[in-house]
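Biologist: Please bring up the sequence and the model. I would like to go through a few places one at a time.

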Amino acid sequence: MTGQDYSKRVLIVGAGIAGMQAALDIANSGYEVVLVERLPSVGGHMHQLSETFPTLDCAQCILTPRTVDVGRHEKIRLHVYSEIEAIGGEIGNFQVRIRRKPAYVNWELCTACGACTEKCPTPIPVEFDRRLEMARLMRSGQVRHEGTGKAIYTLSPQAVPKKPVIDPSYCTWFQKGRCRLCEKVCPVGAIDYEQQPAWFDERVGAIILATGFELYPLSKLGEYGAGQVPDVIDALAMERLLSASGPTAGVVRRPSDGRVPREVVWIQCAGSRDPELAMPYCSKICCMYSAKQAMLYKHKVHDGQAYIFYIDIRSAGKRYEEFIQRAMEEDRVLYLRGKVSKVFRENGKVVVWGVDTLTGLPVEVAADLVVISPAMVPSEGTRRLAEMLDLTVDEFGWWTEAEGNLAPLETKRPGIFLAGAGSGPKDIPEAVSQGSGAAGKVLSLFSRWERAGHLSSHDVGRE
Amino acid sequence: MKVSYFPGCTLNTTGKGFDNAVRASMAAVGLELVELPEWNCCGATFPLIVDNMLELAAPAHVLVAARNAGNGPLLTTACTTCYNVLRRTNHFIRHHPDERERIEAFIEAGYSGEVEVKDILHLLRDQVGFDAVRDRVQKPLTDLKVACYYGCMVLRPPAEVAYDDPDHPHTLDDLMAALGATPVDFPHKNECCGAYLAVKDAGITRQMVYPILKSAQAAGAEAVVTNCPLCQFNLDKQQAEMQKLHAGYQPVPVFYFSQLMGLALGLDSGEYGWERHYISPGAVLGRWGE
């Protein structure tokens with residue numbers, strides 16, 4: 001095989017901020033990108049965030065230009081609502097089989113008018129909103145939903161592509177054999193209850209794995225209510241409550257009764273730094289985002305009290321420590337150094353039992369809302385993908401880098417690169433840097449293939 | 001079904017009523033508890049200092065007696081502390097071959113963890129089943145609201161001893177529901193009762209017990225039910241003092257689960273040790289004509 005035969009196309013798995021950065025860098029250099037995303041639209045977790053630390057930029061505002069670019073770029077072939085089914089081959093010549101899940105909507109016909117999502121009578125707990133049980137609030141008109149939170153939905157009003165999908169596990173037609181309201185209101189006849197999965201085969205020369213992370217589930221944190229207390233939520237749910245495009249339109253309301261919480265407790269290291277019960281590692285971003293969330297909460301609820309229980313504050317990053325100081329001094333967030341032993345419901349409150357190790361005293365807070373910072377864990381499916389690619393993950397499931405210090409973007413297989421939080425907890429700037437870094441790695445491959453016309457030792461082995 | 005039974009010192013003395021009720025009610029549902037012919041102290045606290053051979057040798061000696069008793073591989077006990085010690089020692093022996101050899105030399109018997117130690121509630125749940133218990137109920141505990149209290153000994157450390165969710169246990173609740181009672185939900189089912197602090201400083205024990213009982217009563221409980229002799233003692237005894245310290249505090253009786261089980265099964269409860277209760281269970285018992 002000569003250089004001309006090597007595919008100078010790249011597969012990127014995951015369209016979060018790292019995957020999108022890599023995709024845009026490569027596409028803007030003139031090479032074709034195949035971008036695969038499991039969800040119906042791109043943007044990843046950053047799309048769920050309210051604002052970013054340490055600048056308090058509106059996450060959606062700085063993200064949407066990227067998502068729109070990704071959605072419209074002539075060099076990016078976007079496969080959303082899709083998963084990798086099989087990958088074979090090697091550097092220069094990978095064969096990829098992609099499976100698109102049935103959306104039950106013909107996206108070729110759909111004009112994204114929103115009639116279906118507006119008229120759909122079935123509210124559902126949405127994963128994008130961390131399944132916040134806001135249905136009751138929704139009925140009372142306290143919760144806004146612009147095409148989200150229904151059995152036919154888009155992830156957000158800013159979704160790219162903004163095409164709806166039907167969740168058959170909730171849809172009344174799939175469950176009870178009646179309704180079909182979305183079909184009736186669709187002006188272009190795009191609803192297709194018979195839609196089947198579709199398969200696509202792509203040939204690429206390189207792969208970037210930008211599979212990202214998830215949060216350790218609250219159900220595994222028994223001491224914090226095991227996910228059974230409605231007003232104990234995880235940090236991503238809090239992002240949704242703080243976000244102007246979230247289920248409460250940016251008004252912080254607690255899930256149980258929709259009241260604006262006056263006392264909010266953040267609990268750090270829930271499942272992180274906990275070798276006995278969960279993960280031994282530090283999830284790295286929680287100290288910063290909890291300071292940000294507490295700050296944003298105080299900006300919205302001026303007379304509210306924010307408490308943060310922490311082990312120690314890890315604010316290593318440019319302007320990060322100053323940001324923490326600002327939360328403490330300007331926004332009067334009360335930092336309590338100690339672990340929380342127990343969270344339970346009593347008299348409509350969520351009672352937090354913790355300790356302040358600086359005074360050596362036990363602390364009890366009768367809170368309205370508790371926000372947990374669960375450990376970051378690898379995305380579901382990372383292991384399966386690793387097996388498919390004959391790559392390794394560590395004992396927690398994070399991608400193993402070829403070499404931690406000097407080859408953090410490479411895997412042990414030539415032509416397959418890593419970007420973002422799939423190889424371990426990272427914040428946004430790091431994930432973006434890795435996206436660009438992995439793109440650079442791919443571009444240097446393609447460039448060499450064009451100049452030399454063949455693989456070099458540089459490509460297939462590391463010096 | 002025959003099972004080796006280890007009463008332990010508490011159930012042989014101050015907890016005799018608990019013991020009587022356990023033996024009678026288990027027999028009534030087909031579990032024949034055969035007391036070990038020769039038994040000694042369980043060791044009472046699990047060896048935190050693993051070098052202390054005596055604290056491992058005592059429970060190991062009991063485990064050997066159970067193996068040699070010829071009643072199958074199971075050993076059960078109703079004392080939660082004995083359960084914790086015996087179970088953890090067994091676990092320790094299974095996982096530490098070097099230490100095992102030292103223990104074997106000390107007790108002059110070979111033992112590699114063949115016995116399976118199960119708490120009596122665990123055995124009742126898995127060998128008999130609460131549905132079978134429900135079928136034998138003669139006097140259902142209808143309308144009795146109970147707060148089920150587990151303490152820590154059957155829950156922690158989870159990997160070694162727990163047969164229930166350590167944070168949200170429900171075995172006792174399920175049993176009480178089978179007997180016709182109404183278990184109430186309250187958040188302190190697994191809180192520390194103060195344990196042996198009662199010996200050193202009863203005031204601290206009171207401080208620990210008060211929120212547990214308050215919370216149980218706020219949830220509507222008319223009685224507390226427990227499976228732990230030490231918890232029973234602390235919850236029961238401290239209430240007399242609490243009445244003096246907390247104005248308007250209304251005490252609640254604290255039962256062993258086996259007492260209520262015997263009652264519901266229609267057994268003769270004359271030997272259940274009612275006279276040893278600090279807070280009289282009379283008002284509750286009166287509802288079933290006892």
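Biologist: Which residue of β2(A) does A:L11 stand opposite?

Modeller: Strands are DSSP runs of E of at least two residues and helices are runs of H or I of at least four, both numbered from the N terminus; two strands pair if DSSP finds at least two bridges between them. Strand β1 (residues 9-13) of chain A is joined to strand β2 (residues 32-36) of chain A by 5 bridges, and the two run parallel. Within β2(A), the residue opposite A:L11 is A:V34.

Biologist: What pLDDT do local features need here?

Modeller: Residues are numbered from 1 along each chain as its sequence is written, while chains are lettered from A and ligands numbered from 1 in the order in which they are written. This is a predicted model: totals for chains, interfaces and linings use all residues, side-chain atom pairs count only at pLDDT 80 or more, and local features need pLDDT of at least 70.

Biologist: How many of the residues of strand β1 of chain A are buried?

Modeller: A residue is buried if 20 or more other C-beta atoms, placed from the backbone, lie within 10 Å of its own, exposed if 12 or fewer do, and partly exposed in between. In a regular strand the side chains alternate between the two faces of the sheet. Here A:R9, A:L11 and A:V13 on one side and A:V10 and A:I12 on the other are all buried, which leaves both faces of β1(A) covered. The strand is largely enclosed by the rest of the structure, because the buried residues number 5 of the 5.

Biologist: Turning to chain B, which strands stand at the edges of the open sheet?

Modeller: This sheet has 4 strands in the order β6-β5-β7-β8, with parallel pairing. Each edge strand has a single partner, so one side of it is left without a neighbour in the sheet; the edge strands are β6 (182-183) and β8 (254-256).

Biologist: Which residue of β7(B) stands opposite B:C148?

Modeller: Strand β5 (residues 145-149) and strand β7 (residues 223-226) of chain B run parallel, joined by 4 bridges. The residue of β7(B) opposite B:C148 is B:V225.

Biologist: Is B:L172 buried or exposed?

Modeller: B:L172 lies in helix α9 (residues 171-178) of chain B. Leaving out residues up to four places away in sequence, B:L172 touches B:L121, B:C148, B:Y150, B:V225, B:N227 and B:F257, where a contact means that the C-beta atoms, placed from the backbone, lie within 7 Å. B:L172 has 23 other C-beta atoms within 10 Å, so it counts as buried.

Biologist: At which residue does α12(B) bend?

Modeller: Helix α12 (residues 229-245) of chain B reaches 25 Å from its first C-alpha to its last, close to the 24 Å expected. A bend is the angle between axes fitted to the seven residues ending at a residue and the seven starting there. In α12(B) the bend is about 40°, at B:Q239.

Biologist: What is the omega of the peptide bond between B:R156 and B:P157?

Modeller: B:P157 is in the loop between β5 and α8 (158-161) of chain B. The bond joining B:R156 and B:P157 is cis, with omega about -5°.

Biologist: What is the phi of A:N347?

Modeller: Most residues other than glycine have a negative phi, and most peptide bonds are trans. A:N347 is in the loop between β17 (340-346) and β18 (349-356) of chain A, and it counts as exposed because it has 7 C-beta neighbours inside 10 Å. Although A:N347 is not a glycine, its phi is positive, about 50°.

Biologist: How do the residues of the side of chain A that touches chain B divide?

Modeller: In total, 6 residues of chain A are in contact with 6 residues of chain B. Ala, Val, Leu, Ile, Met, Phe, Trp, Tyr, Cys and Pro count as nonpolar, Asp, Glu, Lys and Arg as charged, and the others, Gly among them, as polar. On the side of chain A, the division is 2 nonpolar, 1 polar and 3 charged.

Note on methods:
The expected span of a helix is 1.5 Å times one less than its number of residues. Two residues are in contact if their C-beta atoms, placed from the backbone, lie within 7 Å.
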